[in-house]
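Reader: I am new to reading protein models. Could you take me through one, feature by feature?

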Amino acid sequence: MLYDLIIIGGGPAGITAGIYAARKKLNTLLIAKDFFGQTAKTGEIDNWPGSPNISGGALMQSFEKHLKNFAINIKENQTVAKVNLTKSGSNSELDLVKFTVRVESGESFEAKALVVCSGASPRKLGVAGEDKFIGKGVSFCSLCDAPFFQDKNVAVAGGGNSALEAALDLAKYANKIYLLEASDFLRGDPLLQDSLKRTGKVEIRFNQEIKEIQGKAMVESVAVVDRFSQKTEILAVSGVFVEIGWTPQSDFLGGLVSKNERGEIIADPETGQTSLEGVWAAGDCINAKYKQVILAAASGARATLSAYEYLNKLKDEN
Amino acid sequence: MIKVYSTQSCPYCVTLKEFLKAKDIAFEDVDVSFDQKLQQEMIDKSGQMGVPVVDIDGQIVVGFDREKIAQLLKL
């Protein structure tokens, strides 16, 4: 089966792309690992109009339900391993471009156009002890794991919204939270910063570079260096929550499309078009400055609308 | 006997439990959010403190590892 469109990803961008594709009656396949995006791991979303104070999980469940109201083909629990491009036809003007999307389980699917909404995964610190103590004090999901730190001291690495949210999740349980920011200011929303201060449990430290996460069976401490004084300090903590941003998931595209130095897919801000004809991209995997649920959703809509125009043009030409 | 150790707001726990329900698998839902004894029970079994953890007749699966769970339950 040759689909009109394959959408890769089940976060806000992919789901919105899917809804728009269904409404245009495109023969679409949506491939997704799950329908969480990064949103489901967020405690509270308060900037999606119409749904004040909704939990990230509840918002994503409602997105998923909305998508599944439509007759759209979905391959769930699948991670894309590779995308290949095939051209057929000898006359260059009549070349038929076809994309083959192979998933990790080995199955392959084909389409005339692609909308890539593969999102991003948490960025790691890359320091000694980090991998060793994953699940043993090192966590990337405060919402999941905060209850294990009742009355304990913990560290949160980062100073953006995700780090502030993590510190807030932890404040419900932990005794003390060190918020360790590498630069000299917090990028996170002032409203969240106010909430943090009100907990009375958070010590915000700037210019802190985490050098090592230490312990025996479980995390016992973290070694931090002050970027100015170069002094090393050992903070006794039972947990380290890493919230230092995200790495785009774009490796499966190899060199098919242009990416920037961060690995983000370069997408036209007006259409989502990538450097390769027939491929659009949206959401947190693209080179958009702001990473927000609402912007991801909007870019998913834009990408599908643009792909729809392209598919119509293909039909007219052939 | 199947036990699922979870916390209330963990999205992977919710999905795991929905997966088991969809397959008609009965399980005991152990919420460890506010009970340090149950947390310790889970840590002793799995050697770590990330949720979800599934105990399938003494075989422990950490995280929502769908394939491993399906294999152990012969789904």
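Author: We start with burial. A residue is buried if 20 or more other C-beta atoms lie within 10 Å of its own, exposed if 12 or fewer, and partly exposed in between, with C-beta atoms placed from the backbone. Helices (H or I, at least four residues) and strands (E, at least two) are DSSP runs, numbered from the N terminus. Now the case: strand 1 (residues 2–8) of chain A is mostly covered, with six of its seven residues buried.

Reader: What should I know about the model itself?

Author: It is a predicted model: local features need pLDDT of at least 70, side-chain atom pairs count only at pLDDT 80 or more, and totals for chains, interfaces and linings use all residues. Residues are numbered from 1 along each chain as its sequence is written, while chains are lettered from A and ligands numbered from 1 in the order in which they are written.

Reader: Which strands does strand 1 of chain A pair with, strand 8 and strand 2 included?

Author: Two strands pair if DSSP finds at least two bridges between them. Strand 1 of chain A runs parallel to strand 8 (residues 108–116) of chain A, with six bridges. Here Tyr3(A) is opposite Ala111(A). Strand 1 of chain A also pairs with strand 2 (residues 28–32) of chain A, in the parallel sense, over four bridges. There, Ile6(A) faces Leu29(A).

Reader: How is chain A divided into domains?

Author: Domain bounds come from an automatic or database domain assignment. Domain 1 covers 2–121 + 246–317, and domain 2 covers 124–242. The C-alpha centres of these two domains of chain A lie 33 Å apart.

Reader: How many residues does the largest nonpolar core have?

Author: A nonpolar core is a set of buried Ala, Val, Leu, Ile, Met, Phe, Trp, Tyr and Cys residues joined through C-beta atoms within 7 Å. The largest one here has 55 residues. Ala155(A), Val156(A), Ala167(A), Leu170(A), Ile177(A) and Val240(A) have the most contacts inside it. Helix 4 (residues 161–171) of chain A gives the largest share of this core, seven residues. Apart from it lies another core, of 52 residues, including Ala17(A), Tyr20(A), Val101(A) and Val116(A).

Reader: What does Ala155(A) touch?

Author: Two residues are in contact if their C-beta atoms, placed from the backbone, lie within 7 Å. Not counting residues up to four places away in sequence, Ala155(A) touches Tyr178(A), Leu180(A), Val222(A), Leu235(A), Val237(A) and Val240(A).

Reader: Is Tyr173(A) buried or exposed?

Author: Tyr173(A) has 21 C-beta neighbours inside 10 Å, so it counts as buried. Tyr173(A) sits in the loop between helix 4 and strand 12 (176–180) of chain A. Leaving aside neighbours within four places in sequence, Tyr173(A) is in contact with Ala146(A), Pro147(A), Phe149(A) and Gln150(A).

Reader: In what order do the four strands of the open sheet in chain B come?

Author: The order is 2-1-3-4, and the pairing is mixed. Strand 2 (28–31) and strand 4 (59–62) of chain B are at the edges, each with a single partner strand, so one side of each has no neighbour in the sheet. Strand 1 (residues 2–6) and strand 3 (residues 53–56) of chain B are antiparallel, over four bridges. Tyr5(B) has Val53(B) as its bridge partner in strand 3 of chain B.

Reader: How many residues does each chain bring to the contact?

Author: Chain A brings 18 residues and chain B brings 18 residues. On the side of chain A that touches chain B, helix 3 (residues 142–145) of chain A gives the largest share, three residues.
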